[in-house]
Structure formats: C-alpha cells, structure tokens
There are 2 protein chains.
Amino acid sequence: MADYKAPLTDMNFLLYQVFNADTMWQQLPQLNEQVDQETAVAILQECAKIAEQEIAPIARQGDEIGVSFTLNETGIGGQVTTAPGYKEAFNTFAQGGWCALGGDTNYGGMGMPKIVSAFVEEMLCSADISFALYPILTAGAALSLAKHGSEELKQRYLTKLYSGEWAASMCLTEAHAGSDLGIIKTKALPQTDGSYQITGSKIFITGGEHDLTDNIIHLVLAKLPDAPDGPKGISLFLVPKFSVKNNDELGANNNVSCGAIEHKMGIHASATCVINFDGAQGFLIGELNKGLACMFTMMNFERIGVGIQGMSAGERSYQNALEYAKERRQGKSLNPTAVKNSDGGKKQPDSIMVHGDVRRMLLSMKAFNEGSRALSCYIAQQLDYATFATDELQQKGETLSALMTPLAKAFFTDLGFESTVAGQQVLGGHGYIREWGQEQLVRDARIAQIYEGTNGIQAMDLLLRKVIGSKGKMINVFITEVSDYIKTQQDSALAMNEFIEPLQSALTDLDDISQLLLAKSSDDLNEIGAAANDYLHVFGYTAMAFVWAKMAQVSLEKLNSSDSSVENNDTEQGEYGNDFYNSKLQTAQYYYARLLPRRLSLLATIKAGCQTLFAIDDELF
Amino acid sequence: MADYKAPLTDMNFLLYQVFNADTMWQQLPQLNEQVDQETAVAILQECAKIAEQEIAPIARQGDEIGVSFTLNETGIGGQVTTAPGYKEAFNTFAQGGWCALGGDTNYGGMGMPKIVSAFVEEMLCSADISFALYPILTAGAALSLAKHGSEELKQRYLTKLYSGEWAASMCLTEAHAGSDLGIIKTKALPQTDGSYQITGSKIFITGGEHDLTDNIIHLVLAKLPDAPDGPKGISLFLVPKFSVKNNDELGANNNVSCGAIEHKMGIHASATCVINFDGAQGFLIGELNKGLACMFTMMNFERIGVGIQGMSAGERSYQNALEYAKERRQGKSLNPTAVKNSDGGKKQPDSIMVHGDVRRMLLSMKAFNEGSRALSCYIAQQLDYATFATDELQQKGETLSALMTPLAKAFFTDLGFESTVAGQQVLGGHGYIREWGQEQLVRDARIAQIYEGTNGIQAMDLLLRKVIGSKGKMINVFITEVSDYIKTQQDSALAMNEFIEPLQSALTDLDDISQLLLAKSSDDLNEIGAAANDYLHVFGYTAMAFVWAKMAQVSLEKLNSSDSSVENNDTEQGEYGNDFYNSKLQTAQYYYARLLPRRLSLLATIKAGCQTLFAIDDELF
C-alpha cells in the first residue's frame, strides 16, 4: 500500500481559488471571528500530519485484528476491545483538540465551518474509515445536541464530547425497522423527575460500545406510550452509558449494555453493536415527537460526511493504484511514438501507464475524486451559508444544501466504491491479495452506500421529497445557479467553450427531465420510485460538470497570467505551478469527453418509464 | 442465505426450446453417440442435487475457515489443508464421475459437449466458487492434455484426472509476469531421456497444492535456454507433484513444493499457491515453443467458464435478495392502487417488493443472469460446432466462439459482480454482515474479473486481436448472424417489433462503431486501447439483446399456442406454464426498455476518442 499523502494542494486550491472561502468568512460576522485563511491552512496541515503519520499506519492491523467482544461475567452485555493502536491514536487525536473542531464555541468548540471540517473528515477517512467513524459520529451527535439540547444537557455533555473524554453514538435502527423508522418499538416512559425510562434494543450501532473513552453518550430514538403512530411519534433522547452525577463524576451503569458486535465485510476496526436499553435513564432532546427532525439536523451533516467517506476511499485507491501502475512493467505501448514514457523498440516492457485501459481507470478515479472533492466543497459552502448567513445567501444555501445532501451521500459513495474497484483492477491479482491493502478499500468503502440511509433512500429523498415535493422549486435554484454561471462565461476571453456548451446541454436535459417527472408524478408516483436512482446520477454528473467547469476556468486564468510561472506548488503561499493547472485542465477535459456522457443512458432509462418495472407480478420474479 | 435452487427450468428451456441442442446433437455424428436430451436432462438434474445438497452447504464455513498452510519440517514447502467438508464433497463429486464429464471418451471421459458442461459449471459455482475451482481447473488442464499431449501422457495422466484420483493446476503467472507472459523466467533444461528439468517459481496458482487428491498434475509454462525471446519462446510442460512410476504407482516428490498460500479478499476455501519447481521432471506437451497455443486451447474453455462464474454468483445473489425482499417489510407503496401486493391503507408496512428501486435492482439481476445464461449457452453451442462439426457450421462456430470468448469472460463477470453488489444493496445493512452470506458473494465474484486474463486484457483480445486483427471479418460474422435472425422475424405474426426494431438499431450502431475503430486503428492504435473496454460492453449489451429477442420469440410462440395452458412447469417433460413464458417476456421487455440503453453512453465515450487519455503527462497524474 502506498503511503497516504493528503491532497492539501487540491484542498487549498478549492478553498481559496475556486470557492473563495476566505472572502465568505470575512463577509459572515460569526465566521469572521472564528476562522481565516491562515488558521484554516494550518488546521488542514496539522490534520494531514495526524492522518498520514498516526492513523493511516494502524488501518491494516485494524482490518486484520478488528474489534473483539467479551461477554461480561454477569452474562448481561459485554466489553468491546478495539484493535491495537486505536486507543493511542484516539488519545493523540483528542488531545490535539480535534473533537472540538466543528463544535459550538460556547461549550469549548472551535466553531470551524463545514467547508473546513469536511476536508478534515476526508483526510481521516482516507487514512482509516474505521478509526474516523468514532470521532465523526461523536461530532454528529454533538451537533444535534448543540442545536436542540437544553442548556443543562449542553453544559454537562457537550464539553466532554468536545474534549474527547467521552464519545457518542446514534441509535436509530431496530431489527425490524431500518429505512422505515416510523415502526420502531423502543419505549420511553416519562418519570416524575422529568427524565424518561428507555427500554428497547437497537442494532447496527456504530461505536455503540468501545474502550476509547470513559463514557459513551447515546442519542436514541424512542416512542412514548401514547405517541402518534409512525414518524410523527418519535422522540429523541440522550442516554449515557454511565450515569453522570451532579458533580460530573461518572456513576453506575445506566442499564445500557452491548449485546453483541457484528462480523462484517469491512470496517473491521469499527465496532458495530447491538445496544440494549433496559430501563435506562434518558433525557429528552428537543420537543416530544419531534425526534426525527432533531436527528436530521445531524443527519444532513453526517450524510455529506458519508459521501466524503466514499470519495476518501476513492482517493486512497487512486494513490495506491497510481504508484503501482508507474512501477509495474507489463507489455508494450500500442503506439510508442505517441507515448512519452514508452521504451519504444527496446526489449524491456513498458510501465502499464502506457496502456489506454489503465489510463482510463486512473483518470476516471482522478476525475471522480477531484470532482467529488470540489462538489463536496461547494455543498459544504452552501451548508455554511445556511448556518451562518442571514440574507438571501442563507435562503439559497439552505435550499441547495438540503437538495444536494442526498446527492453527496449517494453519488460520492457510488463513485468512490467504483474507484476502489477500479484501483483493485489496476493492481490485477495483487489487488485481490490482502497484504497489498487495496482490497480493504473495496470492503471498507462498500458500507458507505448502505448506512445512514441506503443510496436508494437518498435518491427518493432527492427526487420525491425535494424535487417533486417542492414542485420543482428546489431544483430550479440549482439550475438558475448554473445558468448564471454559464452567462458569466459566455463572453469570456478564455477557451471555455469546450466546457460551457456541454454544460448547458447537460443542464437543459436536467431541467427537461425534472419537468417530465413532475408531470408524470401526478399520474403515478411509481414513476418517481422507478426513476429516482437514475435521476440522482443524472443530477450528479451534471453538478460535477459544473464544478469541473469552475476548476477549468480558474486553471485557464492562472495559465494565462504571469502568476503561473511558479515551478513548484507552494500550498502555504497559494502558489501553484503550471503543472498543477495543466493537470486540472486536462482532467476536466477528460471528464467532459469521457465521463459526462454517462448521463445519456440514464436519461434514456428514465424516459423508458416504470411500466416494465411494475407490470411483472411478484410471483414471476 | 436462501437455499440454492438450481435454475433447471431455465436451462432446459434454453437447451431445447431456444437453441435446439437436441437437434444439433442428432446432426453431429460424434455427439449423436454421446448425448441426447434424456441423458442431458438427467445429468443436469443429478448435478443440481449435488450442488444444492452437498456443495452449497459447505460454502459458508469454507469462507470462514478457509484453507490453511503448514510448513514442512524440512523447511522446504508445506502442506495445504482444505476447509472441513471439502474432501468429503470432492470424493462424492469424483465418485459420481463428474470429473470425467467433458473428457475424451478414449480415456474414460464422458464426452459431454460444452453446452451441457457449461451448465454444470454454473451450478457448481453458484453453490461454491471455491469448491468448483478444483474440478474446473482440472478439467481445463485435462482438455489441453487431451488435445496436445502424447499418447503415453494421455494414457498415464488423463485417466486419473477423469477419475478424480488426481487433480491438476495451470502454472502461468510469475511475480514479474502476469498479463505479459512473454517475459517468464522459469527454465526447462532438456534431459537425455527426453524429459525436461523444470526450475522456477510460479505465483497465484489456483489449486496448486491441497489435500483433496493423491497427486497434482501441473501444466507449466517455461522456456528452454535457447528459446526465442517473448511469447514465441514459451513451451508447455506436464509436471506431476509426485513422480509416476511405470506401473502407475506414485514415486517420490518431484522437487515440486508449495512455498506459501495467499490471503485473499474472497474464495477463501480455494488454495492460491506459490509453487516452486526446483529441477522437477517435466514432459513436453505439444511442440517446443508452441506452449501458449496449447495453453490457449484450455484458456478458451476456461474463460467461458470464468464468465459463467460471474453469472453464477449473480444468480445466487438474485435468489438470496429476492427471498429477503419478499419477506422484509419497510415503508409503503407510493401508489398502492398500482401494486397488487401492497396493503394499501393498512398500517402494516409493505414488503419492499413494492418499491421501484428494489424492483429495479431485482429485475436488473434477473435480466442479466438469464441473459448471460442464454448468451453463454449460445457461445458454448458455437464452441461445440467448432469442435464437433465439419462443414461451414464448424467455420462459423470457430469464428464466433473465438470472438465471443473474451466477451463471455469479461461481460458476464462485470455484470455478475454488479449483481452481487446489487443483491447486497437489497439486503441493506444485512447485506454487509457476514452471517447473511450475501457479502461473501461480492468477495468471491470479484476475482473473476481479474484472473484468467483481466477484463481489460479480454477487451484487448476482443477488439485488437479479433475485431481489428481480422479487419472486421470476425465481427461481421456476428453481425450477419443477427441480421439473418432479424430478417426471419420481420414478417412474423408475433408481436416482435418491440424487440426487433431496437435490436436492429443496436446492431447498426455496433457495425458503425466497429467500422469507425477499424478506420482509426490505422492512424493510432492507442484509439483501440482507449476504446476496448467500452467496445466490449457495447458488443455485450447488443449480443444480450439478440438472445433476449430469441427468448421473447419462443415465449410469444408458446403463449400463442395451446401448449401453454400447462399450469405448472414440468422440466422433465419440457412443459412450462404461462407464468414461465410471461416472466421471460416481461423480463425481455425490461431488458430492452431499461438496460439496453446503457450502450448509448458507451458509444458516446468511444466516439470521444483517446485524445484526453493520452494528452496528459504521466507526471501530471
């Protein structure tokens, strides 16, 4: 496995040259206090060090050894032991203050915007998704608590979550209730002291039990006995593993136990637990029966993060496959005169970089990774506008981040998984052997398409709830955004036509197919279910074309200006050489020529309608 | 994991109603002696029993326990122990005579044609790819020996391979030589007795060492000291693990040792070995320096078989996901009036079969599995014509089987892997948990895209060697075949237009893109390398449309005739109910409406050319 090298240059290019994050920060008063370019550059640099040096090196043994489970002597519940090195790495991470990164500054958080913390998440996940899940889930739970919790709960719990002394989990799924949370059975009985007694069993709880921290704070969905049926009767509770005394010391076990851990395809070092609540004391977060809304505050942040997991695995796959491809020598170039690094007539085989199909796999990974990174940066920026702005930028940010959160989750994880499989293919047989590390990426990345709402659920959230649910208004905000951008480029002196024309074409098709589905939806909502997955990908390829056009534009500007004479990249100074911009520009050209056409088949499939999907009887399957 | 149920009905439908195998057998004298419908039906039925009852049940523990390796006390080499149950299952299999199925009748083989043995391979692989590899590799090696070996070698070794007393392996890859066999270093020194002394180290040897049989016969590629450079200096040798005395008793170890086994992503119960030859005695197979040609006799059979592995995993995935989907209840139908099995307004959730995206995944798997099975049957039939016919059918069979072997290998394994991933997605979180068995299918299926020549190599074999190499003649044989078929349907009284028109359109596009690439190839062969993978898939979707049209045609004929009043399928009698034909017809409609359009994006990508792939410098990756 190639050593992980965090793509800091690309991150800073996106932040300060493409999306002008520094300008945004200066304009938004709260962020202006908390972050500037110098701070953010330093944060990412420090995170890169930890990811490269502390976390990446434990990932392989984390996969081989995994977490282990030992039943308690009482026979009720058991202990989870993490793999060697995880406790030490988590301590280093927590002591560095990283658990506080995106936290509320009133309780010890650093208040970094998502546009910065998203890159931190990427680096952690590229280093080791299993490790990263512990702090990322904790940060997500903290976010929900910060937004909806009482002052008392925040004082008591948030500070400890930010310091990394305690961790957190999200307890949603039950054995019979996954995508369909409305039917959960976990009960919450009101107590005279204002707390609730929580009883029920949750499965698939990431980080539900482990030995990294002294306490684990569970955010649990449950129902009061008299609650309305379905999703409208769900409330959210904070349930600590160990009770917390008034002096903040830990008390007895709060009738919370880990019943088992799952044995999984991948993320072996992440504890996936059955968590049983047997009359545990819980505290209401937010209002009764509004639990789903409170949980979704976190879920929107998490889902972008899960999308980033997919991309982070794709990035690692690319780095590994590229190193292999440059070193591996097999066969000769088909056209040595056209390939710079071919040995031509010499006896020695060429590096496999000369083969078109190997270049296809590598460039597709590169284009998807950099495109996903750019698009995630764009969406994170919209989320920051939604959180920190007050004017129409806030409105637009709220709409675009809500619209594009399911896109980020599903599209980036689908492409990320594809990239891990492609990287494995570049390595040939070695890609299938465990010691090379490449196959672990495939196994680890696969879960991101499933958890936090399967990608099918994301597609329905996008198309049914957002696009159709808003009668097209939400997708129109995106279409206007890109149209406005296209207008700015139409009279440009730059050679942007090769991007702008196909972008306009893709945008028109997205608009048309959205209108078509809106019209169909009033006749038969099954058309929406049948189209959702393909629609999400049409949107994804189009949105990615948008950010690739922006990256190409900046690259062309820099290549045309005198600034680009710099020989080597100097990330700290925001100086990049011609090589960087040429690489960007040529990857953009590759994306437009050979990846954007994927939307054509998807459009044709959507237009074919749902008839053939629903005509066939279940018995004929 | 759902119990495996072999798709015998579908297999017999293909053999006797779509491809008229019985007629073919009667027409070809050698096959007429060896096989008839009654025999073949019985063979497949018996194989189904073994696959369902003896092999499928050991697959999960085979994955969990895997093969183990114990170093010998001498320190040179070691022993491989297979997982519990494998030895017993192999004995049952061998004693049933299954190792002789496709074997030469002069040496104890049963002489079954590929069109039958391909289905046997499918069932074995659906039950457990790891198990199936031991006999399948042995059969492949036996085929090469039967075709190219001396009478003495055949008498001595073939009989034991057919009886299952001994097994065989193929030893091609070396650490530095995978796709590029021309650079192998294993040496063969001629001895005065006519044998050769073989020295070298081979890696990734499937079944290179195990405890299932008393002896293992290695077919080894090696070079004589004075051999020409590259592929033209490679010879093929038979190297037994234990020497065989003149009385056919086993002698001493023949300086063949297993140095290690690989730890892999999947197929844990298949031993993937490093095999060291340290002056081992070997016997030439075929002519000196013609070893690759002898090996490729086997490879063509094997590669169709590897394609079938992909489909077999897809079939298993479909069965498992379908059972889960029917039982799992989550959410409500979006349009209950349009869905028969929705509970409508009732409180209980519907089965997830009501959701369009779940139906999409299931129907795609169904269409790909049945389409791949039909296409593999078609290709196997062409291979049988190539082997057993003498007239123009032999010529056409040779051309089409050569053309379509790389297609079968790469296309079926790509689709099969996709189907295992889709099945996993249907199961949601449970698809990621080992005990459900679904994730094993993903891990096991993945290797089939890599070994026996990566799918990228297959694509180059198809486009560069076959399509371009024959100046378009080979692809024209296929295009004529389909054109001729279309003509027979144009005046049909059946409602075939919905298939024939898009089939003609796809065929025209395939013809056009082949001509375009032929024209481009004279300017820049890199265009071929860049297009190969996409071209293979365009060909695949078109060829699959061809066999789906044939299946739809038969189904329409049967539905229009009185024969189709049968209520239940009776495979033995070749009687199928309307349900069977309706299911086929509706799956064909689904394929044409929603899967065939995939070719559109691929065509666009090919037309975009190789410019963006090769313009970018290696340093800018």
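Author: What follows goes through helix packing and then salt bridges. This is a predicted model, in which local features need pLDDT of at least 70, side-chain atom pairs count only at pLDDT 80 or more, and totals for chains, interfaces and linings use all residues. Residues are numbered from 1 along each chain as its sequence is written, chains are lettered from A and ligands numbered from 1 in the order in which they are written, and side-chain values use heavy atoms, with hydrogens and water left out.

Reader: Why are α1(A) and α4(A) called roughly antiparallel?

Author: Helix α1 (residues 8-18) and helix α4 (residues 37-55) of chain A pack at about 155°, with axes 11 Å apart. Helices here are DSSP runs of H or I, at least four residues long, numbered from the N terminus. Axes are lines fitted to C-alpha atoms over the stretch in contact, and angles run from 0 to 180 degrees between N-to-C directions. Angles over 145 degrees count as roughly antiparallel, under 35 as roughly parallel, 65 to 115 as roughly perpendicular, and the rest as oblique. The angle is about 155°, so α1(A) is roughly antiparallel to α4(A).

Reader: Which residues make that contact?

Author: Contact means heavy atoms within 4.5 Å. From α1(A) come A:Leu8, A:Met11, A:Asn12, A:Leu15 and A:Tyr16. From α4(A) come A:Gln37, A:Ala40, A:Val41, A:Leu44, A:Gln45 and A:Ala48. By class, the contact of α1(A) with α4(A) has 8 nonpolar, 3 polar and no charged residues. Ala, Val, Leu, Ile, Met, Phe, Trp, Tyr, Cys and Pro count as nonpolar, Asp, Glu, Lys and Arg as charged, and the others, Gly among them, as polar.

Reader: What makes α15(A) and α17(A) roughly parallel?

Author: Helix α15 (residues 473-490) and helix α17 (residues 526-560) of chain A pack at about 30°, with axes 12 Å apart. That is under 35 degrees, so α15(A) is roughly parallel to α17(A). Their contact divides into 9 nonpolar, 2 polar and 2 charged residues.

Reader: How do you know how α8(A) and α9(A) run?

Author: Helix α8 (residues 129-148) and helix α9 (residues 151-163) of chain A pack at about 160°, with axes 10 Å apart. The angle is over 145 degrees, and the pair is therefore roughly antiparallel.

Reader: Now salt bridges. Why does the pair A:Lys520 and A:Glu527 count as one?

Author: A salt bridge is a side-chain nitrogen of Lys or Arg within 4 Å of a carboxyl oxygen of Asp or Glu. The closest N and O atoms of A:Lys520 and A:Glu527 are 3.5 Å apart, so the pair meets the definition. The structure holds 56 salt bridges over all chains.

Reader: Are A:Lys520 and A:Glu527 buried or exposed?

Author: Buried means under 20% relative accessible area, exposed over 50%, and partly exposed in between (1.4 Å probe, protein chains only). A:Lys520 has 19%, so it counts as buried. A:Glu527 has 13%, so it is buried too.

Reader: What makes B:Glu287 exposed and B:Lys290 partly exposed?

Author: B:Glu287 and B:Lys290 meet in a salt bridge, 3.6 Å from N to O. B:Glu287 has 52% relative accessibility, so it counts as exposed. B:Lys290 has 43%, so it counts as partly exposed.

Definitions and conventions
Helices (H or I, at least four residues) and strands (E, at least two) are DSSP runs, numbered from the N terminus.
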